[in-house]
Structures are given as C-alpha cells and as structure tokens.
Amino acid sequence: MLKIYNTRTRRKEEFVPLTKGHVGMYVCGPTVYGPPHLGHAKSYISFDVINRYFNFLGYKVKYVQNITDVGHLVGDGDDGEDKIARQAKLEKIDPYQIAYKYECDYFAAMDALNILRPSISARATGFIIDIIDAVKDIIDKGYGYVTKEGNVYFDVHKYRNYGQLSNRRLDETVSGERIEIASDKRHAEDFALWKAVDDKTLMKWPSPWGIGCPGWHIECSVLCRKFLGERFDIHGGGIDNLFPHHECEIAQGDVLTGGVPMNFFMHNNLVTVNGTKMGKSLGNFITLTDLFEKYGAMVVRYFILMSHYRSIVDFTDEGLKIAQKQFAKIEQMVEGIEKLASTPKEPTTEIQTSFNTCIDAMNDDFNTPVLIAEVLNFVKLANTIIQKGDKSKAEEALFVINKVIKDILGLKFDKKPQEEEKIDDEIESLAKARWQAKQDRNWQEADRLRDLLAQKGYTIKDSKDGYEIIKN
C-alpha cells in the first residue's frame, strides 16, 4: 500500500487514484531564464522517481509540466521586471531567444540525468487565449477586479480559504519578505492575474483589459485544468513555491472549478551549499554543466536520491565523493551480474527479501534513502553470487537490478568499451597459414591448422573477404 505525504493535510495518506489505473500529475516546471542548476536536479529527479514508481506499479501516468517563459517577475511578486526580459537585456538578445535557449539547456540536462520526459511539456506563451478566458471567468465570479492601469488582480479577501496550504492567516500574508507590492491593488495580499505592459515590451498580447501578459500563478491553474481536468491526483513542486505560488493556485483553481483541484500536494525540499541556501546573489550557485564535468550526471542523480525528497540536500564535495564511491560499487556489481546472466528471473529467498525491502521503502512516501541503503546491502549479496559464479542466483539478482536500480531509481550504466585483445604472433601465423591452405584447396592442411588453433583456444570465422580470429 502506497502512502504519500500530503502537504494539504500535513500527514501521510494512502494513495487512491481518482480514476482506477490512472495517475494525473502536474509538476511546476522551470522558469527558463538561466542555466539549469542543482535545484532543478533536486526537484525533477525527485518527481522522476515518483513518476517511475507509478509506472512500476502499473499505473498509466499523465505527467504534465509547464515551461514558464513569461510572467515570472524578479522577486516573485507583482511589480518589477520579467525575469526573462531582464536576462534578454543582459545578453542583448530577444526574450523569446532567451526562453528557447534555456529551455533547450534544461532538457539537455534532464536527459543527461536520465529523467523521463513529461507526457506533456507546455509553454505558458502557447496558452494565452486559455489564460485570458480563465481571468475573465474569475472576474465574472466576483473574485477578480480590473484597475485603471489595466492590471487584473485576484481579490484575496473575497476568497475565505486563502492560506489553507501555507497555514497563514490573511494578516500574515503581506509579503514584505521579498515581494514588492503594486500600488494599484485593493489589498496588499491580492495577486496579479494579468499585468499591463508598455509598447516597448516584446512579450505582450491583446486582452479585454488592454495590452499585457499573464501573471505568474495563473498559467499553472490553466494548464492543470486543460490537460488533467477539474480534479486530478497530484500537484508537485518545490517547497519554496508553497507560498505564494501554490497558495494562489489553490485559490484560482477552487474559484474556476468549484473545488480544490488536486487531491495531493507534494513538495520537494531545497538545496543548500555547505549549509547555506543556494543563490546567485550568494555566490554559491552551481550549474549542472559544471557538476557533470566534475562528477558525471549519474553520480549527481545518485547523490540527490541519497536524501528523501522532503529533506534538504546539502551539497558538499565530500558528499559528492561519497556518492561517487558508492555509485562505482553499484556499477561494478551490475557489470559482474550482467556478465554472468542475460535473462532476469523472479527472485526467491534472500534476494526476494531484499527486493521486498526496496518496495516497502518506496511505498513509504518514496523513501529513496532507505531503498539505497538496501541496494548497498544487495551489492554485497550480489558480489558473493559473482564470486561463486552462480548463474541461477545471478538471474534473480538481474531482476532486482532491472526493476529497482534501473527502472525505479533511474540509474544507468555506460557500457565500457572492451579492450581489443592482442592476438599472439604464433596464432596470427597459424591462421594465416590456414587461410592460404584454403586458397590452395589443401583441405587436409586447412583442417589440421583449424584443429590446432581450436586446441589453443581460438576459432576462425571465415567470410568472403577473409577471416576473423575469435578467442573462445
């Protein structure tokens, strides 16, 4: 029985899908204005394993992720400059080029980490008509208002349940921490659904309220509803988006559909660097490109999975080196088992026990640290099988490797090219003599040399163009 921690209820709950055999899952995607970093790895590896485990359990998963390519302002508030537009000025190129450039970089990094692509990856700019329709609906229902400046805001005081996710009261939601407050709001807590922009802005669209662009929060509510319907199973994202982003999503979704759309809200925790929150302004920002060059993408993936998705990951070189050593042990074990067995077989006895322990860990809110601890125990067991050359047990071990290590954890192992074995001069000479005997139609001599080569451990494979020496 799978249990998942639900941020909405603050407890673990049994997962029961809204539609039998199906899972609808939405995860907030990246704002594509800079290179992919360690924070992206934490979030999307976490939800990749969740996606993989649902697939393992036999569910048909519809996994939707957005690409924020407009509307996310610097500081995450309702006043200021769009993050993508700002980066476009810094790099002196079009904001659409910025969004496309960093979207490509993001997916290249996710592919390197062996993260399965979402079922649907949707750019916010592709759904402006849907967003405008949703904003109209919110206004018509009395929860949105238009200002003389052409901005549209959600009236938080009209929505009595605002704060249900973050557990904040309205008097605590004035976001003085990092969000600038626009001057044309009725209340400081209200958030933008549509923002007016000037003529110089490239990313702008006509609307009933004038030329503008969508607010940050509305895109996710619209895309959830469009692709997953009015009710769906799981909404995921980073804990740093719990307030205000996800709080605003719940309010919008409730107004638009007449109920809270998501059954479960799941949040992965943050990344710190040597105990300090990672950030560009702090000078400890780590890109995935730099990490891949130093450690390799699979070591980074393994390092992330050593911590629970709801726990903080503290990045240190020491931690990466430990991950590197452990991953190397697993890789060596996998190579040894795959040499011994090519066909997986359902496990029994101690291998079955190890497999069950892994599944129990995943059923307990996707507990990858416990699973990895069991994988390391399994490595010792598998190495004993390799030493004994027990092919039957190796086939059982291969089942666990394929199902747990590869399918669920998503670890992949690059096949190392085998070094070409140097053929002894004597063997080369005998093979050459045999080939010549065949050309001379001296079949008796050719057969004698073939048998002599076989005694020495070699087979000759003939073709119309010559021959190949194969060591038995």
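Arginine 310 is partly exposed, at a relative accessible area of 30%, where buried means under 20%, exposed over 50% and partly exposed in between (1.4 Å probe, protein chains only). This is a predicted model, in which local features need pLDDT of at least 70 and side-chain atom pairs count only at pLDDT 80 or more, while totals for chains, interfaces and linings use all residues. Residues are numbered from 1 along each chain as its sequence is written, and side-chain values use heavy atoms, with hydrogens and water left out.

Arginine 310 forms a salt bridge with aspartate 365, the closest N and O atoms being 2.8 Å apart; a salt bridge here is a side-chain nitrogen of Lys or Arg within 4 Å of a carboxyl oxygen of Asp or Glu. The pair links distant parts of the chain, 55 residues apart, with aspartate 365 in the loop between helix H10 (349–363) and helix H11 (368–388), and arginine 310 in the loop between H8 and strand E14 (313–315). Helices (H or I, at least four residues) and strands (E, at least two) are DSSP runs, numbered from the N terminus. Aspartate 365 counts as buried because its relative accessible area is 0%.

Across the whole structure, 22 salt bridges are found, and a network of them links Asp48, Arg52 and Arg301. Within helix H1 (residues 38–56), aspartate 48 and arginine 52 lie four residues apart, about one turn of the helix, and their side chains meet at 2.8 Å, N to O. Aspartate 48 also meets arginine 301 in a salt bridge of 2.6 Å, N to O, a pair that joins helix H1 to helix H8 (residues 297–305) across 253 residues.
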